[in-house]
Amino acid sequence: MKGRFDRAFRLVTGLTLIIAAQANAPAQDEPPPAKTLAPGKGVELTTARCVLCHDATHITRTKLSRGEWEFNIKNMIERGAPIAPAEIAPILEYLAAYYNREAAPPPPAAATTTAEGDPAAKLLNANACLACHQTDKRVVGPSFREVAAKYGANSSAATTLAAKIKQGGSGVWGPVPMPPNAGLSDADLQQLASWVLRQK
Amino acid sequence: MNKNKYLHNPKDWSRRDFLTRAAAAGAALGTGKALAQDAPKPPSEPAGALANAAVMGEKHTGMTVLSERPLTASVPAELHHFAATPNDRMFVRNNLLTPDIDAAKHRLTVKGSVHKEVSFSLEELRKNFPLVRTQAMLECAGAGRTGFVPRPSGTPWQLTGGMGCPVWNGVRLRDVLRAAGVQNHAAHVAGQGGDFGVIATAAPVIRSIPMDKAMEPHTLVVFGMNDGPLPKVHGYPLRLMVPGWAGSASVKWLHTLNVLDAPFKGTYMDTSYRIPRDAVRPGEKMPPDALVTEAWPVKSMITYPAPNAVFKLGHSVLVEGRAWVGEGAIAKVELSFDEGVTWQAAQINNATDKYAWRIFSVEFKPAKAGFTTALARATDDRGNSQPMVARWNPLGYFWNGVHRVGFVVEA
């Protein structure tokens with residue numbers, strides 16, 4: 001028993017050394033890429049046109065020069081991406097601003113972000129809510145503001161909304177269904193529902 | 001190996017697929033002013049496509065998923081410690097969705113610059129042509145891409161990810177082509193697969209190969225992998241196997257062979273899968289005379305020990321690995337245990353099939369305790385050796401830098 005513990009301990013110590021020493025192993029120790037695109041000017045269009053044939057990680061794992069992004073957009077149009085000529089510039093501007101190897105991204109846009117450390121922000125990101133919803137604008141689903149306006153007057157609004165987030169559904173805002181979020185705890189559902197209702 | 005390192009919860013996949021589809025449907029419906037143009041409408045369900053969970057359910061738990069759509073996944077070097085790559089460790093690299101094809105109805109059509117257009121069912125292919133069984137390398141052009149600094153776009157394959165060397169069962173491509181009668185002026189053969197994307201405008205995956213390679217006796221139309229049926233994600237019921245060449249040439253879910261008088265013109269030939277002839281500065285554009293990626297340069301990996309393995313001082317360690325080259329043969333493999341200052345020749349097993357990797361080994365007796373590294377460097381029969389760092393190129397192809405593994409020797 002002691003031997004096994006010792007071995008495990010030494011392995012961990014060895015591992016730390018190796019991570020420090022392995023100049024040739026960058027990929028294995030990287031954090032996973034974000035599942036949704038960074039909020040900012042052009043994110044809705046870029047999501048709608050690009051996060052279709054491939055998931056968002058193809059962008060969020062990458063930092064390129066402006067020229068390389070331009071090449072990538074051309075390449076993707078050849079592969080069938082439904083990008084109209086007039087849409088190339090705004091998509092390029094977005095990608096070159098937020099995923100640029102040579103320049104830091106601009107500060108987050110106020111309308112689409114939550115306060116630093118807000119537990120609701122974590123939930124929104126972890127559950128890919130922002131892939132379809134934004135605070136101010138209708139993307140795939142309704143904006144959080146619209147949802148808050150619709151349910152806000154009701155005294156049991158938070159409970160109603162929490163149930164809707166859990167079950168998903170369609171027909172309230174349009175034909176595109178919202179997937180269920182059965183894996184969320186009641187506390188998380190309440191957290192999210194109250195946050196959405198505060199976006200009036 | 002941590003299966004949940006990226007986005008691996010299989011329960012999550014259906015939801016991710018759903019979100020992507022919902023986003024696609026939203027775009028098609030024109031929600032939002034900027035999106036109101038007539039984008040093509042995607043199918044509400046990817047009917048005829050296999051779910052990622054079904055694909056990954058058959059894979060080894062040490063396989064890392066690098067992207068869910070399109071699905072890409074691979075195992076690290078130490079999980080390749082086999083004579084031939086087992087099905088559950090073979091890398092996954094889709095361009096589009098994984099089609100679920102009915103083998104009973106599937107046919108392979110040969111057309112273009114041929115004397116007579118012909119088409120075969122799977123049964124007819126088996127009956128009409130000599131059956132071939134060969135072990136051969138299949139490696140994505142971008143394998144090892146994470147070695148390049150700065151990182152080019154594309155699947156972030158681990159240094160030894162994106163390749164494998166299973167046994168293939170099939171018939172020779174040249175036999176199938178000869179059945180149709182290739183015309184004298186034919187120059188290339190393009191394979192086309194039955195995979196499809198979430199939107200109708202997704203370009204079909206078509207690559208062509210020169211006639212010389214098509215007629216090479218190891219270039220196959222395969223229906224089996226490791227003596228069983230081809231797994232669905234690896235091209236069931238039929239694929240091309242263009243051994244030693246960039247994997248994209250080995251078109252999966254093959255249904256058409258188009259014999260052409262010139263290389264196929266299309267995105268998978270002209271824009272992707274290109275590599276400059278000479279070094280370019282990172283960030284520079286692809287030169288117009290860039291080459292199509294064909295044969296892989298010489299490469300090797302250490303499959304034993306696994307990174308961070310612990311050994312006792314006084315015992316020897318049989319350091320082992322695999323070496324291969326796209327065309328030609330492995331001439332030697334050398335190992336270094338002092339970060340490349342000195343090198344010693346490895347034993348290499350006898351050659352088996354022409355395009356199979358070679359197994360090499362060195363018995364290493366550590367002289368002292370502590371952290372130790374092994375480096376492997378292969379050289380082919382034309383005198384090309386692996387570089388320490390592969391030459392940067394805009395799309396991150398053909399990483400063949402020397403592989404390095406660290407392990408611990410205890411007193």
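## A pairing in chain B

In strand 14 of chain B, B:Leu220 is the bridge partner of B:Arg172. That bridge belongs to the antiparallel pairing of strand 11 with strand 14 (residues 220–225) of chain B, which runs over 5 bridges. Strands here are DSSP runs of E with at least two residues, helices are runs of H or I with at least four, and both are numbered from the N terminus. Two strands pair if DSSP finds at least two bridges between them.

Strand 11 (residues 167–172) of chain B also pairs with strand 8 (residues 131–135) of chain B, again in the antiparallel sense and over 5 bridges. There, B:Val167 in strand 11 is the bridge partner of B:Gln135.

## What kind of model this is

This is a predicted model, in which local features need pLDDT of at least 70 and side-chain atom pairs count only at pLDDT 80 or more, while totals for chains, interfaces and linings use all residues. Residues are numbered from 1 along each chain as its sequence is written, and chains are lettered from A and ligands numbered from 1 in the order in which they are written.

The model scores ipTM 0.82 and pTM 0.76. Chain B averages a pLDDT of 90 (the predictor's confidence in each residue, from 0 to 100), and 89% of its residues score at least 70. Over residues 1–45 of chain B, however, the pLDDT is below 50, although this stretch has 94 contacts in the model beyond near neighbours in sequence. Where pLDDT is low, the predicted coordinates should not be read in detail.

## Chain B as a whole

Chain B holds 6 helices and 28 strands. Of its 411 residues, 52% are buried; a residue counts as buried if 20 or more other C-beta atoms lie within 10 Å of its own, as exposed if 12 or fewer do, and as partly exposed in between, with C-beta atoms placed from the backbone. Among the contacts in chain B with a separation of 6 or more, 70% link residues 24 or more positions apart. Two residues are in contact if their C-beta atoms, placed from the backbone, lie within 7 Å.

B:Leu257 is buried, with 25 other C-beta atoms within 10 Å. Leaving aside neighbours within four places in sequence, B:Leu257 touches B:Leu108, B:Val110, B:Val189 and B:Gly191.

## An open sheet in chain B

Four strands of chain B form an open sheet in the order 20-22-26-25, with antiparallel pairing. Strand 20 (299–304) and strand 25 (347–348) of chain B stand at the edges with a single partner strand each, so one side of each has no neighbour in the sheet. Strand 25 pairs with strand 26 (residues 358–364) of chain B over 2 bridges, and B:Phe360 in strand 26 is the bridge partner of B:Ile348.

## Helix 8 of chain A

Over in chain A, the buried residues of helix 8 (residues 157–167) are A:Ala158, A:Leu161, A:Ala162 and A:Ile165. They lie on the same side of helix 8 of chain A because they cover an arc of only 105° around the axis, the arc being that of the directions from the helix axis to the C-beta atoms. These buried residues pack against helix 7 (144–151) and helix 9 (186–197) of chain A. After helix 8 of chain A comes A:Gly168, with a positive phi near 70°.
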